[in-house]
Amino acid sequence: MTASTFTRMDASTPEQWAVIGDEIYRNQPRVAESVLTMLRSLSAITDGFATDQLTHCLQTATLAERTGADDEIVIAALCHDVGKAVSVANHPAIAAEMLRPYVRTDVYEMIRVHQDFQGRHYYAYFEMDPNAREKHRAELTPDQYALAERFADEWDQMAFDPEYETLPLEHFEPRLREVFARPRF
Ligand SMILES: [Fe+2]
């Protein structure tokens with residue numbers, strides 16, 4: 001019997017786990033589709049900004065692409081606020097962990113710390129430290145820090161313009177499916 005028929009893990013067999021492993025591999029495309037569904041749901045979230053959150057994410061990715069960022073960075077930029085579909089409070093961690101198996105470390109870190117780097121542009125209004133990004137300097141390499149700065153200052157904080165020619169989600173979909181096609185661990 002190779003089907004996954006165990007009713008408790010301590011009664012499982014290697015053969016059953018091989019079936020499960022094959023199924024997970026075969027069903028990997030559902031990951032990209034789930035991310036796309038979450039992204040599309042951001043069109044219903046505006047929360048007082050000039051653009052809805054899907055437009056903001058698309059515009060962040062568009063700005064990254066138009067200034068020469070590579071595909072992993074562009075797709076991470078597209079997904080950076082996808083956690084807002086679940087919880088604004090801890091959305092950087094949600095997006096970062098969704099991306100983590102699929103992108104380089106510097107791209108993961110860029111998303112993980114993005115809110116504190118954005119804080120340069122608004123934390124003061126909430127009596128928070130606008131230099132909160134500095135606390136990440138010790139844990140990031142200089143290159144990682146520079147990428148996180150570029151993300152926040154040149155792309156993310158710039159991406160709330162309803163008049164900007166933002167590329168549609170369809171433009172990014174093939175590369176999103178490619179990035180989420182193979183976990184690295
Ligand atoms: Fe953002």
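**View 1. Alanine 76 and its contacts in the predicted model.** Leaving aside residues up to four places away in sequence, alanine 76 touches Leu99, Val103, Val107, Met110 and Ile111, where two residues are in contact if their C-beta atoms, placed from the backbone, lie within 7 Å. This is a predicted model, in which local features need pLDDT of at least 70 and side-chain atom pairs count only at pLDDT 80 or more, whereas totals for chains, interfaces and linings use all residues. Residues are numbered from 1 along each chain as its sequence is written.

**View 2. The largest nonpolar core.** The largest nonpolar core has 42 residues, and those with the most contacts inside it are Ala76, Ala77, Leu78, Cys79 and Leu99. Such a core is a set of buried Ala, Val, Leu, Ile, Met, Phe, Trp, Tyr and Cys residues joined through C-beta atoms within 7 Å; a residue is buried if 20 or more other C-beta atoms lie within 10 Å of its own, exposed if 12 or fewer, and partly exposed in between, with C-beta atoms placed from the backbone. At least two residues of this core come from each of α2 (29–41), α3 (53–66), α4 (71–79), α5 (91–99), α6 (105–112), α8 and α9 (169–179), and α4 gives the most, with seven residues. Helices (H or I, at least four residues) are DSSP runs, numbered from the N terminus.

**View 3. Helix α8 and its buried face.** The 14 residues of α8, at 1.5 Å a residue, should span 20 Å, which agrees with the 19 Å between its end C-alpha atoms; the expected span is 1.5 Å times one less than the number of residues. Gln144, Tyr145, Ala148, Phe151, Ala152 and Trp155 are buried in α8. Seen down the helix axis, the buried residues of α8 fall within an arc of 165°, so they line one face of the helix, the arc being that of the directions from the helix axis to the C-beta atoms. These buried residues pack against α3, α4, α6 and α7 (114–118).

**View 4. Aspartate 143 on the other face of α8.** Aspartate 143 lies in helix α8 (residues 142–155), and the face of α8 turned away from its buried side carries the exposed residues Pro142 and Asp143. Aspartate 143 is exposed because it has 10 other C-beta atoms within 10 Å. The C-alpha atoms of aspartate 143 and aspartate 106 are separated by 7.9 Å, although these residues are 37 residues apart along the chain.
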